Amino acid sequence: MPAFVVMVLVTGYPILQAVWNSFFAYRLTDPENRRFVGLNNYLVSFTDEVFWSAMWMTVLVTVITVIVELVLGFIIALVMHRIVIPRKTLRTLVLIPYSIITVVSGFTWLYAFQTGTGFVNQWIQWMPGIDANYNWFGGFWSSLFVISLSEIWKTTPFMSLLLLAGLAQVDSSMEEAAKVDGASWLQVLIKVILPSMKAAVMVALLFRTLDAFRIFDNIFIMTGGANETSSLSMLIYRQTIDRTEIGLGSALSVILFLCVLVIAAVFVKAFKVDLAEGRG
Amino acid sequence: MKQSTKGTGIWSVLAVPIMLWTAVPLLWMLSLSLKSADDLANKDASVLGNFWPKDPTFENYQLIFSGGASELFMPALRNSLIVCLLATLISVVLAMFCAYAISRLEFKGKKMILVTALAVSFFPVVAMVTPLFEIWSKTGLFDTIPGLVIPYLALTLPLSIWTMSAFFQQIPWEMEQAAQVDGATSWQAFRKVIVPLAAPGVFTTAIITFFIAWNDFVFAISLTSDQARTVPAALAFFTGASQFEQPTGAIMAASVIVTIPVVILVLLFQRRIVAGLTSGAVKG
C-alpha cells in the first residue's frame, strides 16, 4: 500500500493544486500580486484564438495519427503474425522505434525534411517532373504532416504489439472453417478475425488516443509551435514555463485533463471497454 | 500445407517495406552522425541523394565525448542514468509491495486501486508541470536530482503497479502454502518459491519503467536548468559552437549513443518486453 499512497501523493496533489491555481491570476515572478478571479482564466482561454488553434491542432494530430497507426499497426501485426522466416528480425526491428527517445526520433525526422541538409527533398526530386526544394516547415499542413509522421513512426510498434496480442487470441479453427466454406481472405478478416479482436483494438485505440492527445515532444522539437502547430500541451508549457502565468496555465491544464477524461469516458461507455477486465 | 507455404511467401514480401520503413530513419540517424559539419550542407559530399556520407567521420563523436560538446552531453548522460536508475529502483520496490498486496490479499477497493492507477497514468504530464514547477521553485528542488526522481515516480508508478500485478496474479500462491506444509519456513517458502516466479515480472516492469523515465522530456525541460538536465532536454537545448553552426551532427551522434544501449536491451529482452507491454493492456 505505500506505493498507492505515494502515487496518490505525487499525482493527486499536483492535480488538486492545478485546479486550485486555475481560479487565481498571478505570475510566478510576482507572487504577491495573487488575486482570486474565479472562472476568469477559463473565460480568457475560451475567448483566445490561440486556445482554439491549439485545440484544433491537438484534435487533428490525434485523429490523423491514431487512424494511420491503427491501419499500419494492423498490417504490421498481421505480417508479424503470419511470417515464419525473418520473424525474429522483424519483431526486433519493429520494436526499435518504440524504444527510441521521442526527442531523438523528432530530430531525425526534422533533419530528414529540412531544406538543404535533409534527404527527403532530394528523394522527391528523383520522381519525374518534380523539381522543388520544398520548405516543409513553412506552413501549417506540411508541418502537421511531418510531426504526424514522426509520431506515427515512433508509436506504431506499440499499436502493432497490442494488436498482435489480439491476433494471438483469434480462434484459428474458426478461420480454417471459414476458409473451407469458401470465404475469401477479406471475408475471413471482416467476419472472423476483426470481431474476435474487438477488445484488443479498443484498448489499443484508447491508449493511443489519450497518448496522442497529450502530444508535446515532437512539436517542441520540430516547430516549437510555429505556424499554429502548438498543441494544448505546448500551450500549457508556454503559459507556465515561458511566461510564468501560473493561473492561466493551470486553467488550461484542467481543460486538457477534462478532455482526456471525456475521451476515456466515451471509449469506456460507447465501446464497453472494461478496463479492469483486461486483468483476468 | 501447400496453401500455408504460399501464404508465408506473400507475408515475407510484405515484411520488406515494413523493415525499410523502420530502418531508413535509423540509418539516417547514423548517417548524420557520421557527416562532418562541412559535408552536412554539401550535397555532393553524400551519396544516395544526400542520404549517406561519402567520407564518414567520427568527429561528431569526438565532439560529444571529449570536444566542445562534452561539457553539455556528459553531465546530461550521467544525470539521465542516475535519475532513471533511482526512479526505476524506487518505483519497482513500491510497486512490488502494492502488486503483492493486490494479488495476494483479499480486501475492498482492490479493483479501485487498479482503475485509479490506470486513470492516473492518463493524466496529462504537462498539467502536472505547473504546480510542480511552482513548488519546486519555492522549496529548492528545482534543477536537482530528487526534483526529477519524484515526478518520474508519478510517471512510472501507475504503470509499474498495473504491469506487475498482471504478472503477480499469474503466480499460484498455493505453492507457497504447499512448501510451508512441507516444512519450509514462510521466509524460505517466499524466497524459494515466490521470488523465482515473480522475478521475470519484476524485471520486465523495471525495463519498461526505465524506458519511460529515459524518454521523458516534459519534466526534464521544465524542472531543470543546467545542474540536473537529462539527455532529452540537453539535446533539445544543444547549440552549436557558433550561432551560425547547426549542431546537427553532434545531436545525432549523441542520439546514436543514447539509442544503442536501449536497442541492446530491446534485443536481449524483446520477448519479455512484449509480454510486459501487452499484459499491461490486453488479457493474455
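1. Partly exposed, as used in this note, describes a residue whose relative accessible area lies between the buried range, under 20%, and the exposed range, over 50%. By this cut-off Arg238(A) is partly exposed, because its relative accessible area is 26%. Asp242(A), with a value of 43%, also counts as partly exposed. These two residues form a salt bridge in which the closest N and O atoms are 2.4 Å apart. Both belong to helix H12 of chain A and stand 4 residues apart, about one turn of the helix.

2. The structure under review is a predicted model. The average pLDDT of chain A is 84, and 91% of its residues score at least 70. Where pLDDT is low, the predicted coordinates should not be read in detail.

3. In chain A, 95 residues are in contact with 92 residues of chain B. About 8,500 Å² of area is buried between chain A and chain B, and carbon and sulfur atoms give 79% of this area. Helix H1 (residues 2-21) of chain A gives the most to the side of chain A that touches chain B, contributing 13 residues. Between chain A and chain B there are 0 salt bridges, while 3 residue pairs across this interface are in polar contact, both residues being at pLDDT 80 or more. Sorted by class, the side of chain A that touches chain B comprises 63 nonpolar, 22 polar and 10 charged residues.

4. Two residues illustrate contacts between the chains. Ser253(A) is part of helix H13 (residues 246-271) of chain A. With a relative accessible area of 1%, Ser253(A) is buried. Leaving aside residues up to four places away in sequence, Ser253(A) touches Ile236(A) together with Val126(B), Ala127(B) and Thr130(B). On the other chain, Val24(B) sits in helix H1 (residues 2-33) of chain B and counts as partly exposed at 21% relative accessibility. With residues up to four places away in sequence again set aside, Val24(B) touches Phe119(A), Trp123(A) and Phe51(B). Val24(B) and Phe51(B) are 27 residues apart along the chain, and their C-alpha atoms are separated by 9.6 Å.

5. Over all chains, the count of salt bridges comes to 6. Side chains of opposite charge can pair when their charged atoms come close. One network of salt bridges links Glu69(A), Glu151(A), Arg208(A), Asp211(A) and Arg214(A). Because Arg208(A) and Asp211(A) are 3 residues apart in helix H10 (residues 198-212) of chain A, about one helical turn separates them.

6. Arg208(A) is buried, with a relative accessible area of 1%, and Arg214(A) counts as buried at 15%.

7. Gln239(A) lies in helix H12 (residues 232-242) of chain A. The relative accessible area of Gln239(A) is 8%, so this residue is buried. Gln239(A) touches Thr244(A), Glu245(A), Leu248(A), Gly249(A) and Leu252(A), when residues up to four places away in sequence are not counted. Between the C-alpha atoms of Gln239(A) and Trp126(A), which are 113 residues apart along the chain, the separation is 44 Å.

8. Most residues other than glycine have a negative phi. Asn227(A), a residue other than glycine, has a positive phi near 55°. Asn227(A) is in the loop between helix H11 (217-222) and H12 of chain A, and at 31% relative accessibility Asn227(A) counts as partly exposed. Asp143(B), likewise not a glycine, has a positive phi of about 65°. The loop between helix H6 (125-139) and helix H7 (145-168) of chain B holds Asp143(B), which is buried, with a relative accessible area of 10%.

Notes
Residues numbered from 1 in each chain as written. Chains lettered and ligands numbered in written order. Heavy atoms only, no water. pLDDT = per-residue confidence, 0-100. Buried < 20%, exposed > 50% of the residue type's maximum accessible area, 1.4 Å probe, protein only. Contact = heavy atoms within 4.5 Å. Buried area = accessible area lost by both parts, 1.4 Å probe. Salt bridge = Lys/Arg side-chain N within 4 Å of Asp/Glu carboxyl O. Polar contact = N/O pair within 3.5 Å; in protein donor to acceptor, adjacent residues only side chain to side chain. Nonpolar A, V, L, I, M, F, W, Y, C, P; charged D, E, K, R; others polar.
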